[in-house]
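Dear colleague,

Please find below the structure that I am handing over to you, together with its sequence. A summary of the findings follows it.

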Amino acid sequence: MRILPFLLLLLPLTLLAETPQTPMVEDESQRPLDAPAPDGIRRGGTLSQEYQAPNITDPRTELTRRARNFPQQPPVIPHAIRGLQVDKNVNQCLDCHSRSATHISGAPMVSITHFTDRDGQDLAAVSPRRYFCVKCHVPQDNTRPVKISTFRSIDQVLERAIQLGE
Amino acid sequence: MRMWTTIKSYWRTFNRPATHLSLGLLSMGGFIAGIIFWGGFNTALEYTNTEQFCISCHEMEANPFRELVPTIHYSNRSGVRATCSDCHVPHDWTFKIARKMEASKEVWGWIFGTINTPEKFEAKRRELAQREWSRLEANDSLECRNCHDFDYMDFTQQAPRAAAMHSTLLASGEKTCIDCHKGIAHNLPDMSGVPSGFHGDLLERDPQSRVMDGFLNQSSY
């Protein structure tokens, strides 16, 4: 029991355990909190810095079908879709693109694959999993791309392979 | 019995020539009071036609108005716009008064909270929309035509299909604006069973129709 006061004297040593092991490099207030942002689509700036949003661009509305870059590519939408409602109540894309409307609208019919549900059952109408058109089909805008695409179609790849004599 | 005597005494006063007031004062006073009353009535009536008045109830502000905001009738490049009353209240006086009397039911609905939650509004959306569709079908889309005059439509400025539809079905009076242009200013209700105005026999009737221009001569996928 007589040793207890001496043990208590050792208590301040615990403070040492809290001090950082590594020496302080710099003053906290001097370090920039706003780290530079990685160069992604937008270049420069810092993490917290907000850039002015680019202008809303004009949709391409020339109504000509565009070639697909690969066979599985969902065709892009060659017209404006402002105000067209696609929700639980109604799908206005189907006003023109549904099977029963294409003969009068002249619009391409929804692909036959869209009538098949996930169990491979063919349905009478567009399958619920294909209902929200713009999940895959997107309109195009007249704008400068933020990244230049280096995509080459299979034709271009093959052509190049032949040229190189491979 | 006492009430009867009161009425009779009022009538006697009303029926007797004025003893102190001159004819000029009475006629001019009546004229000026008439202007003030009529002006006041009309001002109040016009106030109930403003967007500010319509959206003073949250039912209108939270649902139809919010849906109107992103549409071209609310905001566009030239700033010519249509607000609630331009489409929902007839401009002609007689019909306007008739519509205003009908609108007393909306006050009832407001008091009893018929559509005071998004769920209630959504549940009644089809009924409300149907009422407006029938109204516009009955008056040949009069409120559209207050601004969109068919006689001055330039078909060459329209998309081929729009021109084809307007120059045939609309021109012949077979269809009216609302038949095809539903849900242009507000979201559509559950449309099951509502025929899309786009379906028609345009090609069968008129094989020369230019409705398919721009589509037929393209390579298919």
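**The loops on either side of helix 9 of chain B**

B:His148 sits in the loop that links helix 9 to helix 10 of chain B. Helices here are DSSP runs of H or I with at least four residues, strands are runs of E with at least two, and both are numbered from the N terminus. Before going further, please note that this is a predicted model, in which local features need pLDDT of at least 70 and side-chain atom pairs count only at pLDDT 80 or more, while totals for chains, interfaces and linings use all residues. Residues are numbered from 1 along each chain as its sequence is written, and chains are lettered from A and ligands numbered from 1 in the order in which they are written.

B:His148 is exposed, because 12 other C-beta atoms lie within 10 Å. The term rests on a count of other C-beta atoms within 10 Å of the residue's own, with C-beta atoms placed from the backbone: 20 or more makes a residue buried, 12 or fewer makes it exposed, and anything in between makes it partly exposed. Along the sequence, B:His148 is 100 residues from B:Thr48, and their C-alpha atoms are 24 Å apart in space.

The loop between helix 8 and helix 9 of chain B contains B:Asp140 and also B:Ser141. Most residues other than glycine have a negative phi. B:Asp140, however, has a positive phi of about 55 degrees although it is not a glycine, and B:Ser141, likewise not a glycine, has a positive phi of about 50 degrees. Are these two residues buried or exposed? B:Asp140 counts as exposed, because it has 12 C-beta neighbours inside 10 Å. B:Ser141 is buried, because 21 other C-beta atoms lie within 10 Å.

**Domains of chain B**

Chain B is split into domain 1, residues 39-148, and domain 2, residues 149-182; these bounds come from an automatic or database domain assignment. The C-alpha centres of the two domains of chain B lie 25 Å apart. Where they meet, 8 residues of domain 1 of chain B are in contact with 6 residues of domain 2 of chain B, a contact being two residues whose C-beta atoms, placed from the backbone, lie within 7 Å.

Which helices supply at least two residues each to the side of domain 1 of chain B that touches domain 2 of chain B? They are helix 8 (118-138) and helix 9 (142-145) of chain B. Helix 8 of chain B gives the most to that side, with 3 residues. By type, the residues on that side of domain 1 of chain B are 3 nonpolar, 2 polar and 3 charged. In this scheme Ala, Val, Leu, Ile, Met, Phe, Trp, Tyr, Cys and Pro are nonpolar, Asp, Glu, Lys and Arg are charged, and the others, Gly among them, are polar.

**Other helices of chain B**

Helix 10 of chain B spans residues 160-170, and B:Arg161, B:Ala164 and B:Met165 are buried in it. These residues are on the same side of helix 10 of chain B, because they cover an arc of only 95 degrees around the axis; the arc is that of the directions from the helix axis to the C-beta atoms.

B:Ile36 belongs to helix 2 (residues 23-47) of chain B. B:Ile36 is exposed, because 10 other C-beta atoms lie within 10 Å. Its C-alpha atom is separated by 42 Å from that of B:Arg126, 90 residues apart along the chain.

**Composition and confidence**

Chain B has 12 helices and 0 strands, and buried residues make up 10% of its 221 residues. Among its contacts between residues at least 6 apart in sequence, 60% join residues at least 24 apart. For chain A the corresponding share is 37%.

Chain A has 5 helices and 2 strands, in the order α-α-β-α-α-β-α along the sequence. Buried residues make up 7% of its 166 residues. In helix 5 (residues 154-163) of chain A, the count of buried residues among its 10 residues is 0. A:Gly165, with a positive phi near 70 degrees, follows helix 5 of chain A.

The pLDDT, which is the predictor's confidence in each residue from 0 to 100, averages 86 over chain B, with 89% of the residues scoring at least 70. Over residues 214-221 of chain B, pLDDT stays under 50, and the model has 7 contacts beyond four places in sequence for them. The model scores ipTM 0.72 and pTM 0.73.

Yours sincerely
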